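Hello,

Here is the structure we talked about. My notes on it follow below.

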Amino acid sequence: MAMLEVSRLSKSFGELTVLKDINFTVDKGEVVAVIGPSGSGKSTLLRCVNQLERANGGRITVCGSDMMTTNEKGKAVFADTDTLRSIRLKTGLVFQNFNLFPHMTVLRNITEAPTVVLGMSKTDARAKALELLKKMGLEAKADSYPCELSGGQQQRVSIARALALDPEILFFDEPTSALDPELTGEILKVIKELANDGMTMVIVTHEMAFAHDVADRVVFMEDGYIVDEGTPDKLFGEEASERVKQFLSRFNNFGA
Amino acid sequence: MTNEQIGTLFQLMLQYAVPTMKIFALTLLWSIPLGMIVALLKMCRFKPISWITNIYILIMRGTPLLLQLIVAQYSVPYIIRSDICPEFIRSALGGIDIRSEAYTFNMMLIAFVLNYAAYFAEIFRGGIESIPKGQYEAAGALGFTRSQTFFRVILPQVVKRVVPASSNEIITLVKDTSLASAIPYMEIMYIAKKQVPTYASLLPLFMAGAFYFAFAMVLTVLFSFIEKKLDYYR
Ligand SMILES: Nc1ncnc2c1ncn2[C@@H]1O[C@H](COP(=O)(O)OP(=O)(O)O)[C@@H](O)[C@H]1O
Ligand SMILES: [Mg+2]
């Protein structure tokens, strides 16, 4: 079953067309890695699907409900506010810079959305948050503030925060790019565990070895298009297009 | 001066410290919320509203508060007398007794509030704009509505960021209340000046000075306490 269907998606910022004709499907339980040079539109794709940007054309369907479609005149038509809200709760987004709420404790960062947005009781939200923190190996940090944590710990909290709303599909935008190299491993391990639990995920990453290891499918984006896609073995192997090989050659030193 | 005279003078000064504190408290009570509204209006995406708000802020910050206080006192009689004043405004304002104490006080308060709201607005706007975009995006991605985002995520962080600049403004207000003496409104500065020839002494002025100083010191200590309290996160 398709959790996310994106077809003919286009997005411009003024004169600059960033997404040109994106066609992209993610099935339940699938882990998709999105790779590609910087500026190719990977973040913009994630932002359109997570309603942080409004696309200009095409169609986005999340768990069977249309978030946006395009009418006969080629104009983007968005779903009504309630539908957009319910879709928003099905998608979770983990940012490169964590974007934790600095004035809230770790625990409160995680309980805030379930209590405020879903109306969950404080007790239930707290129990759930503690369980998630345990999974992230951070029970001891529940009462700390984000500024007291390392980057890797902050990113784990932000993953727990996204998971607290039980999203159907979780997006990661370069979750390890802001971290010191020695801290990336702890995040990749957490994502891998989520993959083993059957979480549907789309991960924009420059960690090629990780993408190879964890993804069911790899998508290569360049200049607003999906240029190539396939299994990791295909994309990281001999069958890949020349352009992908050329891009990956820059990463060879890192063992991909 | 005899001790008895000093005692009487001291009591008189204390008595007139009350109206000073009244101006101070009421100005803050109205200008802080109004400043918040003005800050939001200035950030309004509908440009004409933003421009008009900006003109108001520029005038309030670019002309002397003393002038604004005096204009406010003269405003009603001159508006009524002006040829271009529409009849309904004239009849609405006609009922105001411009010789009453309430008129003097209220027009003075309006001038203080409008002036301080402009300063607070700029402080609050700076605070709101200093919050990283990622905070709005994280809140949005978690499903917060715009008002939930503002009140739960943005505003608490803005409060921490605006405390130092606001406390400067508030301490300035303590001293600016003395401008009311020029209206004239009978507060501590007015009475101090008036007592100088009576007692042939500078003591009334020193007493007023000591009062302002003590008031400002109390606030300084209070605000450094609040800043420390808010220091639990970076
Ligand atoms: N809000 C924006 N306004 C204007 N241009 C933008 C905006 N966001 C992204 N862009 C531009 O869109 C292009 C793609 O950006 P992005 O999606 O961040 O790429 P990637 O994540 O693949 O590095 C870049 O050229 C970037 O400058
Ligand atoms: Mg990016």
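**A loop residue in chain B**

S178(B) sits in the loop that joins helix 7 (146-176) to helix 8 (188-199) of chain B. Keep in mind that this is a predicted model. Is S178(B) buried or exposed? S178(B) has 18% relative accessibility, so S178(B) counts as buried, the cut-off being under 20%. Which residues does S178(B) touch, leaving aside neighbours within four places in sequence? They are E187(B), M189(B) and Y212(B).

**The interface of chain B and chain A**

Now the contact between the two chains. Chain B gives 20 residues to it, and chain A gives 22 residues. In general, interface size is often quoted as the accessible area lost when the parts come together. Here chain B and chain A bury about 2,000 Å² between them. Carbon and sulfur atoms account for 62% of that area. Three residues stand out on the side of chain B: E137(B), A141(B) and L142(B). They supply 29% of the area that chain B buries against chain A, more than any other three residues.

Polar links cross the interface too. There are 7 residue pairs in polar contact between chain B and chain A, both residues at pLDDT 80 or more. Two elements of chain B give two or more residues to the side that touches chain A: helix 6 (133-141) and helix 7. Helix 6 of chain B gives the most, with 8 residues. By type, the residues on this side of chain B divide into 9 nonpolar, 7 polar and 4 charged.

The count of salt bridges between chain B and chain A is 2. R152(B) pairs with E112(A) in a salt bridge, and their closest N and O atoms are 3.1 Å apart. Salt bridges also link R47(A), E53(A), K133(B) and E137(B) in a network. E137(B) is also one of the three residues named above for buried area.

**Salt bridges within the chains**

Over all chains, a search of the whole structure finds 24 salt bridges.

- R217(A) and E229(A): the side chains meet in a salt bridge at 2.6 Å, N to O. The pair links distant parts of the chain, with R217(A) in strand 10 (residues 217-222) and E229(A) in strand 11 (residues 225-230) of chain A, 12 residues apart. R217(A) is at 15% relative accessibility and so counts as buried. E229(A) has a relative accessible area of 30%, so E229(A) is partly exposed.
- E242(A) and K245(A): this salt bridge has its closest N and O atoms 3.7 Å apart. Both residues lie in helix 9 (residues 242-249) of chain A, and they are 3 residues apart, so about one helical turn separates them. E242(A) is exposed, because its relative accessible area is 58%. K245(A) is partly exposed at 27% relative accessibility.
- K42(B) and E122(B): the side chains meet in a salt bridge at 3.5 Å, N to O. K42(B) is in helix 1 (residues 3-42) and E122(B) is in helix 5 (residues 101-129) of chain B, so this pair, 80 residues apart, links distant parts of the chain. Are K42(B) and E122(B) buried or exposed? Both are buried.

Best wishes

Definitions and conventions
Residues numbered from 1 in each chain as written. Chains lettered and ligands numbered in written order. Predicted model: local features only at pLDDT ≥ 70, side-chain atom pairs only at ≥ 80, totals over all residues. Heavy atoms only, no water. Salt bridge = Lys/Arg side-chain N within 4 Å of Asp/Glu carboxyl O. Helix = DSSP H or I, 4+ residues; strand = E, 2+ residues; numbered from the N terminus. Buried < 20%, exposed > 50% of the residue type's maximum accessible area, 1.4 Å probe, protein only. Contact = heavy atoms within 4.5 Å. Buried area = accessible area lost by both parts, 1.4 Å probe. Polar contact = N/O pair within 3.5 Å; in protein donor to acceptor, adjacent residues only side chain to side chain. Nonpolar A, V, L, I, M, F, W, Y, C, P; charged D, E, K, R; others polar.
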